[in-house]
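Me: I have a model open and would like to talk through some of its local features before I set anything up. Can we take them one topic at a time?

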Amino acid sequence: MTNSATITPKSLELLGKNQIKLKADSFGADSAPTVLLLHGGGQTRQSWQGTAQILATQGYRAISIDLRGHGESGWASDGDYQFESMLEDIAACCEQIPGPSVLVGASIGGALSLLLAAHRPELCRALVLVDVSPTIEIAGAQGIVDFMRAHPEGFANLDDAEASIAKHNPNRQRQASQSGLSRVLRKRSDGRWIWHWDPQFVNDDWQNKVAELSTLMKSASPKVSQPCLLIRGQLSTIVSMASVDELKRDIPHLKFIDIAGAGHMVAGDRNDMASKALLAFLEEITNQ
């Protein structure tokens with residue numbers, strides 16, 4: 001696997017439910033097999049940039065989308081961040097892209113991918129779940145929600161933001177440059193840096209939302225017939241090995257890989273190993 005060339009992405013604007021505008025980047029030739037990359041809650045499409053570059057150099061078209069309320073996509077003026085609405089967004093995006101696509105989703109992005117694969121199979125060529133399963137560890141979810149709710153007034157500088165991330169995820173390697181940070185935060189007119197997502201996305205009923213999502217995924221899992229891979233961070237606080245076994249029972253053809261040294265944010269913690277596993281899976285299903 002090589003990634004010597006830097007590919008400049010093309011900017012896309014896709015339309016979701018009720019014409020909400022969803023920002024996306026497309027890497028690689030339009031005619032190449034499409035891999036749709038969906039980030040987790042509180043992230044942006046930039047979290048997949050390294051993987052998208054690698055996929056494009058290996059002959060795929062990688063499209064990374066900002067979910068509603070995240071990054072440069074539109075915010076829901078009515079606060080509608082229900083999973084059903086977000087799922088409609090992704091289905092609408094897939095309908096605007098020649099497909100079917102391979103869906104690769106981290107965390108909430110993975111949950112949405114699983115639901116789409118089950119309920120709209122014509123849109124999904126294969127499914128890759130990145131540290132997400134129908135049984136979600138509540139304590140781990142609480143930690144993520146606490147992190148997302150912290151610092152509502154942002155940070156005085158990027159160093160403070162970096163320190164906050166390091167405290168939340170001590171296993172992540174410190175980056176040589178802060179350019180990645182500057183893409184997932186935005187600078188307010190008063191000079192403070194705030195996360196690039198709508199605070200309404202994390203509301204007070206998050207435990208009910210997690211329970212709802214778990215129920216939806218458990219119902220959908222047995223319906224997944226496409227090739228499927230689960231990439232778990234070995235240090236994950238969200239996906240236990242018991243939940244992996246449960247998912248294997250619901251999806252008997254599920255392939256599984258555990259990434260050493262990675263937590264819930266697998267692509268950020270060990271992008272090299274995660275991308276290698278993804279490419280091996282893509283090559284396998286292409287040759288079937």
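**The second largest pocket**

Reply: In this predicted model, the second largest pocket holds about 270 Å³ of space. It is lined by 15 residues, of which I144, H168, N169, T237 and H264 are the closest to its centre.

Me: Which helix gives the largest share of the lining of that pocket?

Reply: That is helix α4, residues 138-149, which contributes 5 residues to the lining of the second largest pocket.

Me: And how do the lining residues divide into nonpolar, polar and charged?

Reply: The lining of the second largest pocket is made up of 8 polar residues, 5 nonpolar ones and 2 charged ones.

Me: Switching to H70, where is it found?

Reply: H70 sits in the loop that runs between strand β4 (61-65) and helix α2 (83-95).

Me: Buried or exposed?

Reply: H70 counts as buried because its relative accessibility is 0%, where the cut-off for buried is under 20%.

Me: What is H70 in contact with, leaving aside its neighbours within four places in sequence?

Reply: On that basis H70 is in contact with H39, G40, G41, G42 and Q43, and also with H196, W197 and F201.

Me: New topic, cysteines. How many disulfides does a search of the whole structure find?

Reply: The search of the whole structure finds 0 disulfides. In the case of C94, the closest cysteine sulfur belongs to C93 and is 7.0 Å from the sulfur of C94, so the two are too far apart for a bond. C228 is likewise in no disulfide, and the nearest cysteine sulfur, that of C124, is 8.4 Å away.

Me: Are C94 and C228 buried or exposed?

Reply: C94 counts as buried because its relative accessibility is 4%, and C228 counts as buried because its value is 2%.

Me: Last one, helix α1. Which of its residues are buried?

Reply: In helix α1, which spans residues 49-57, the buried residues are T51, A52, Q53, I54, L55 and A56.

Note on methods
Residues are numbered from 1 along each chain as its sequence is written. This is a predicted model: local features need pLDDT of at least 70, side-chain atom pairs count only at pLDDT 80 or more; totals for chains, interfaces and linings use all residues. Side-chain values use heavy atoms; hydrogens and water are left out. On a 1 Å grid over the protein atoms alone, a cavity is a set of points where a 1.4 Å probe fits but cannot get out, and a pocket is an open set with protein on both sides within 12 Å along at least five of seven lines; lining residues have an atom within 4 Å of a point. Grid points are joined across faces, edges and corners, and a volume is the space filled by probe spheres set on the points. Helices (H or I, at least four residues) and strands (E, at least two) are DSSP runs, numbered from the N terminus. Ala, Val, Leu, Ile, Met, Phe, Trp, Tyr, Cys and Pro count as nonpolar, Asp, Glu, Lys and Arg as charged, and the others, Gly among them, as polar. Buried means under 20% relative accessible area, exposed over 50%, partly exposed in between (1.4 Å probe, protein chains only). Contact means heavy atoms within 4.5 Å. A disulfide is a pair of cysteine sulfur atoms within 2.5 Å.
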